[in-house]
Amino acid sequence: MRAAVLWRIGEPMVVEDVELEDPKEGEVHVRLAASGVCHSCVHAADGSWDWAIAPAVLGDEGAGVVERVGPGVSSLKPGDHVIISWSPVCWRCRYCVTGRPQLCERRPPFGYMADGTTRMRVRGESILHFGPATYATEMIVPESCAVKIRDDMPLDKAALIGCAVTTGVGAVINTARVPSGASLAIFGTGGIGLNAIQGGRLCGAYPLIAVDVADNKLEFAQSLGATHAVNGSREDPVQAIRALTAGRGAEYTVVAVGNIQAMQQAWDATAPGGTCVVIGAPPSEQRIQVDPMHLYRDEKRLTGSRYGSARVHDDFARLVDLYLAGKLELDRLVTKRYPLEEVNEAHRALVAGENMRGMLIFQ
Ligand SMILES: [Zn+2]
Ligand SMILES: [Zn+2]
């Protein structure tokens, strides 16, 4: 099989012939149809996150078909269509059994399978898995990371649900639980922010305010349901949001960009009693300022959302149903398709802001 290998952080990936081992106990071999290109992987490749690893295969957003299953796998069989989750869970720890599997305490060590080894080799050298490693035509994942979906769901669309859609929609629906008619401001309208807008539309948030510095992205956000757009390069987003919310600020704010200034603005633009949800991960070691007065006097809440607080075995199927019912936009989110060989170009275009979402297509 073929995969894009990041040999050294900061250098371009190289597409290699990769030897894939057989699935072991509780593991699944998946033939991928498509992989989205996500900002997390850009950060991993350029080293702006200090937990980047190499040599590794990146990629956290894919869908495909089960090829084989290892011993003990009971929920899947060859031929099943699956969306890949980037977050393995144990299904048994305290967080898993109380409905918060994104906080699972018993994950495999990052970069490895549960037994502390990897399943990919190039010329004898062991290659790490950066998450599920979807920049590859085939992969081995833990059973909990291959989630069965309907056969009539197009796999290239399904791939988006593996990261951006679940993270963005989930932050609004699962983490913030925005009620109908509540004001909601989304900072950042990249792959995840646009899906947070979709989450706001599904909840019936109003006003639903998109904040970005690019007019073309703001226009697109409005086509997905944002009722107002604020260009942060021309006006102060905090003042603009207050002007749209009777001076209060938004009852819910979501930060879908790894930018410390946007996080600060979102916190400052959150109404008393309101909730600010942080999704974007900034470069390591940056901090925002929180005045404790705003916590106790204004009862403001600052929280995070990991993977949209998803319970993927429920959420993925629901998001697929919403797409097939015409209630969730996926088609227009993918602006360019690439063969695996052009993965570095897909990263460059994402950083340059040329794509809403780039997609690697394998079949
Ligand atoms: Zn991602
Ligand atoms: Zn667990």
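## Terms and model

Two strands count as paired here if DSSP finds at least two bridges between them. Helices (H or I, at least four residues) and strands (E, at least two) are DSSP runs, numbered from the N terminus.

The model is a predicted one, in which local features need pLDDT of at least 70 and side-chain atom pairs count only at pLDDT 80 or more, while totals for chains, interfaces and linings use all residues. Residues are numbered from 1 along each chain as its sequence is written, and chains are lettered from A and ligands numbered from 1 in the order in which they are written.

## The chain as a whole

Let us begin with the overall picture. The protein chain holds ten helices and 19 strands. Its radius of gyration, taken over C-alpha atoms, is 20 Å, close to the 21 Å that the globule rule gives for 363 residues, so the chain is as compact as a globular protein of that length. That rule is 2.2 Å times the number of residues to the power 0.38. Along the principal axes, the C-alpha trace spans about 60 × 40 × 40 Å.

Of the 363 residues, 51% count as buried. A residue is buried if 20 or more other C-beta atoms lie within 10 Å of its own, exposed if 12 or fewer, and partly exposed in between, with C-beta atoms placed from the backbone. Two residues are in contact if their C-beta atoms, placed the same way, lie within 7 Å. Among contacts between residues at least 6 apart in sequence, 70% join residues at least 24 apart.

## Two domains

The chain is divided into domain 1 (2–148 + 330–361) and domain 2 (168–306), with bounds that come from an automatic or database domain assignment. The C-alpha centres of domain 1 and domain 2 lie 29 Å apart. Ten residues from domain 1 and nine residues from domain 2 make up the contact.

On the side of domain 1 that touches domain 2, four residues are nonpolar, four polar and two charged. In this grouping Ala, Val, Leu, Ile, Met, Phe, Trp, Tyr, Cys and Pro count as nonpolar, Asp, Glu, Lys and Arg as charged, and the others, Gly among them, as polar.

Strand β1 (residues 2–6) runs antiparallel to β2, joined by four bridges; Arg-2 has Asp-17 of β2 as its bridge partner.

Strand β6 (residues 62–69) has two pairings to follow. With strand β4 (residues 27–37), β6 pairs in the antiparallel sense over seven bridges, and Val-66 in β6 is the bridge partner of Val-30. Three bridges also join β6 to strand β7 (residues 81–84), again antiparallel.

## The nonpolar core

The largest nonpolar core has 112 residues. Such a core is a set of buried Ala, Val, Leu, Ile, Met, Phe, Trp, Tyr and Cys residues joined through C-beta atoms within 7 Å. Helix α3 (residues 155–176) gives the largest share of this core, 13 residues, and both domain 1 and domain 2 contribute at least three residues each.

Those with the most contacts inside the core are Val-57, Leu-58, Tyr-135, Ile-186, Phe-187, Val-254 and Val-255. Leaving aside neighbours within four places in sequence, Tyr-135 is in contact with residues including Ala-3, Ala-4, Val-57, Leu-58 and Leu-360.

## Loops worth a look

Cys-104 is found in the loop between α2 (94–97) and β8 (120–122). Cys-104 counts as partly exposed because it has 18 C-beta neighbours inside 10 Å. Beyond four places in sequence, Cys-104 is in contact with Val-89, Cys-90, Cys-93, Tyr-95 and Cys-96.

Two cis peptide bonds can be found in loops. One joins Ala-54 and Pro-55, with omega about -5 degrees, and Pro-55 sits in the loop between α1 (39–46) and β5 (56–57). Another joins Tyr-206 and Pro-207, with omega about -10 degrees; Pro-207 is in the loop between α4 (191–203) and β13 (208–212). Finally, Ala-246 has a positive phi near 55 degrees although it is not a glycine, and Ala-246 counts as exposed, with 9 C-beta neighbours inside 10 Å.
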